[in-house]
Amino acid sequence: MKKAGFFHRAFDLYYEGFKGMTLGRTLWLVILIKLFIIFAILRVFFFPNYIKQHAGEGKEADFVGQQMVERQIEDINN
């Protein structure tokens with residue numbers, strides 16, 4: 001009998017586990033749909049690309065550095 005490698009055994013473990021699922025498949029589908037909603041839909045509407053809107057082309061690093069310095073100065077003064 002030939003011993004399988006770690007990754008092969010891990011794959012077999014998950015493959016056999018998912019093959020026998022009934023309720024679990026539905027739960028995984030719900031989880032995947034929720035992740036899609038969180039990362040695809042909510043990101044578009046609630047998390048705009050602030051740096052792209054406020055920094056010039058190719059000046060993103062300078063903008064971030066300037067913002068960090070300004071906020072550090074504000075923290076020191078308060």
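Colleague: What is the mean pLDDT of the chain, and what share of its residues reach 70 or more?
Modeller: This is a predicted model, and its mean pLDDT is 85, with 96% of the residues at 70 or more. Confidence is lowest in helix α3 (residues 50–54), at a mean of 84, and highest in helix α4 (residues 60–77), at 89.

Colleague: What makes the chain more spread out than a compact globule?
Modeller: Start with the layout: four helices and zero strands. The radius of gyration is 24 Å, while the globule rule gives 12 Å for 78 residues, so the chain is more spread out than a compact globule. The C-alpha trace spans about 70 × 35 × 30 Å along its principal axes, and buried residues make up 5% of the 78.

Colleague: Why is the F6 and F7 pair called edge-to-face?
Modeller: There are four aromatic pairs. In this one, the centres are 5.4 Å apart and the planes sit at 75°; the centres have to lie within 6.5 Å and the planes over 60 degrees apart, so the label is edge-to-face.

Colleague: And why is the F11 and Y15 pair called stacked?
Modeller: Their centres are 5.8 Å apart, with 20° between the planes. Planes under 30 degrees apart count as stacked, so that's the label here. Both residues lie in helix α1 (residues 6–19), four residues apart, about one turn of the helix.

Colleague: Why does F11 count as exposed but Y15 as partly exposed?
Modeller: Exposed means over 50% relative accessible area. F11 has 52%, so F11 is exposed; Y15 has 45%, so Y15 counts as partly exposed.

Methods. Residues are numbered from 1 along each chain as its sequence is written. This is a predicted model: local features need pLDDT of at least 70, side-chain atom pairs count only at pLDDT 80 or more; totals for chains, interfaces and linings use all residues. Side-chain values use heavy atoms; hydrogens and water are left out. Rings of Phe, Tyr and Trp (its six-membered ring) pair if their centres lie within 6.5 Å; planes under 30 degrees apart count as stacked, over 60 as edge-to-face and the rest as tilted. Helices (H or I, at least four residues) and strands (E, at least two) are DSSP runs, numbered from the N terminus. Buried means under 20% relative accessible area, exposed over 50%, partly exposed in between (1.4 Å probe, protein chains only). pLDDT is the predictor's confidence in each residue, from 0 to 100. The radius of gyration is taken over C-alpha atoms; the globule rule is 2.2 Å times the number of residues to the power 0.38.
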